Amino acid sequence: MFKIGLTGGIGSGKSRVADMLGEWGASVVDTDEIARALTAAGGAAMPAIEREFGPDALTPAGALDRDWMRERAFADPQVRLRLEAILHPAIGHETERQAEAAQGAYLVFVVPLLVESIGRWRDRVDRICVVDCDPDTQVARVQSRSGLTDSAIRRIMAAQAARADRLEVADDVIDNGGATSPEQLRVQAKTLHDRWLTLAATTGRQAPGLAGTPE
């Protein structure tokens, strides 16, 4: 299948774009959603996380305590590496499973840290699309949905690839800054969707019977 790597910083709106692409007929594999499922109560990664970090790493319901883990990972990079050693193989396995089962017009991998792991993704996707956003808008969006403090959000942003680095590797860019309306975002996403459908058909890697999708 024709493959898109969709990325962007926290609060950029990449999940919203992915939802639109899925609505129009693309298959979407979201690595963030996979990670959340793995670390939810009863998630496949939770026994290994509890063994590695102890019961303090879990919420009373048995899910990963993200606030607890975030504070320790920022204070000690080794904590983050220990968590990644558990999660990355499991995320990779489930990503491949979902990709193999995909039946859409083309395949979208939603990868927040795609640029940080560009060596693993550049040859796996045909195009990289960056949902771009100015930092102040990122902070405002994340605060509105999570309640995290300004400093906590900016620490997360600092741990991600720089905006310039994301744009440097982008084949396609969607502008979702503070001045972009929902309608403008949808128009940009639809324009790229139509272009990717054409590219998928041109390369012969579009699913049969999906030459066009409704608005």
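Student: Which helices do the buried residues of helix 4 pack against?

Tutor: Bear in mind that this is a predicted model, where local features need pLDDT of at least 70, side-chain atom pairs count only at pLDDT 80 or more, and totals for chains, interfaces and linings use all residues. Residues are numbered from 1 along each chain as its sequence is written, and side-chain values use heavy atoms, with hydrogens and water left out. Helices here are DSSP runs (H or I, at least four residues), numbered from the N terminus, and contact means heavy atoms within 4.5 Å. The buried residues of helix 4 pack against helix 3 (46-53) and helix 5 (77-101).

Student: Okay, and which residues of helix 4 are buried?

Tutor: Buried means under 20% relative accessible area (1.4 Å probe, protein chains only). Helix 4 covers residues 66-75, and its buried ones are Trp68, Met69 and Ala73.

Student: Why do the buried residues line one face of helix 4?

Tutor: Picture the directions from the helix axis to the C-beta atoms, which give the arc. Seen down the axis of helix 4, the buried residues line one face because they fall within an arc of 120°.

Student: How far apart are the closest N and O atoms in the salt bridge of Arg124 with Glu96?

Tutor: A salt bridge is a side-chain nitrogen of Lys or Arg within 4 Å of a carboxyl oxygen of Asp or Glu. For Arg124 and Glu96, the distance between the closest N and O atoms is 2.2 Å.

Student: And how many salt bridges cross the interface of domain 1 and domain 2?

Tutor: The bounds, from an automatic or database domain assignment, are 1-25 + 106-204 for domain 1 and 39-103 for domain 2. Across their interface, the number of salt bridges is 2.

Methods
Buried means under 20% relative accessible area, exposed over 50%, partly exposed in between (1.4 Å probe, protein chains only). Helices (H or I, at least four residues) and strands (E, at least two) are DSSP runs, numbered from the N terminus.
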